[in-house]
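Colleague: Please walk me through how to read a helix packing and a hairpin.

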Amino acid sequence: MTKQLTTGDTAPDFTLPNAEGADVTLSSYRGSDVVVYFYPKAETPGCTTEACDFRDNLASLRGAGYDVIGISADPVESIASFAKNHDLTFPLLSDAGAATAKEYGAWGEKIINGTAMVGILRSTIVIDKAGVVSRAEYNVHADGHVAALRRELGIDA
């Protein structure tokens, strides 16, 4: 398990390719609040549920001043297909090798169907305008996570 971030930590900067292969850098979001969420694998049931939940709540999140970025270890081609198949209009980034997930503490052991494995932990990090972590949640559940996050952030439904 990697060290998890906590409130008040400086969010590690990253530069990762998006679904079109263009580089996206966290520091380019300075001046905006950002929800960075890590998901294990595109096109799996939980990850699809979570991504579509973020998509369906994107207008209200943006209206409250939050940008959304999704990150997985999937290759660019997989995230491009995932974005297209589900009309995901926020950036999905490819963290091949999971270096960013590890820096964010979103990498570790998990149990899936009774089997222990190591991989991306479903996690959400909220970063403020100055690049500081204002909320860090690990091992979240896909169902209902975005609604809970909206409540925690004080965004009315």
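Colleague: Which residues in α1 meet α5?

Modeller: Contact means heavy atoms within 4.5 Å. E50, D53 and F54 of α1 meet H145, V146 and L149 of α5. By class, the residues of this contact are 3 nonpolar, 1 polar and 2 charged; nonpolar covers Ala, Val, Leu, Ile, Met, Phe, Trp, Tyr, Cys and Pro, charged covers Asp, Glu, Lys and Arg, and polar covers the others, Gly among them. This is a predicted model, in which local features need pLDDT of at least 70 and side-chain atom pairs count only at pLDDT 80 or more, while totals for chains, interfaces and linings use all residues. Residues are numbered from 1 along each chain as its sequence is written, and side-chain values use heavy atoms, with hydrogens and water left out.

Colleague: At what angle do α1 and α5 pack?

Modeller: About 45°, with the axes 9 Å apart. That makes α1 oblique to α5, because angles under 35 degrees count as roughly parallel, over 145 as roughly antiparallel, 65 to 115 as roughly perpendicular and the rest as oblique.

Colleague: Which residues of α5 are buried?

Modeller: Buried means under 20% relative accessible area, with a 1.4 Å probe and protein chains only. In α5 (residues 145-152), H145, V146, A148, L149 and R150 are buried. Among the elements covering them are α1 (45-56), β3 (33-38) and β9 (133-138).

Colleague: In which sense do β6 and β7 pair?

Modeller: Two strands pair if DSSP finds at least two bridges between them. β6 (residues 107-112) and β7 (residues 115-120) are antiparallel, over 6 bridges. E109 stands opposite V118, and I111 opposite A116. The hairpin has 2 residues between its strands, and N113 in the turn has a positive phi of about 50°.

Methods. Helix = DSSP H or I, 4+ residues; strand = E, 2+ residues; numbered from the N terminus. Buried < 20%, exposed > 50% of the residue type's maximum accessible area, 1.4 Å probe, protein only. Axes fitted to C-alpha atoms, helices over the stretch in contact; angles between N-to-C directions.
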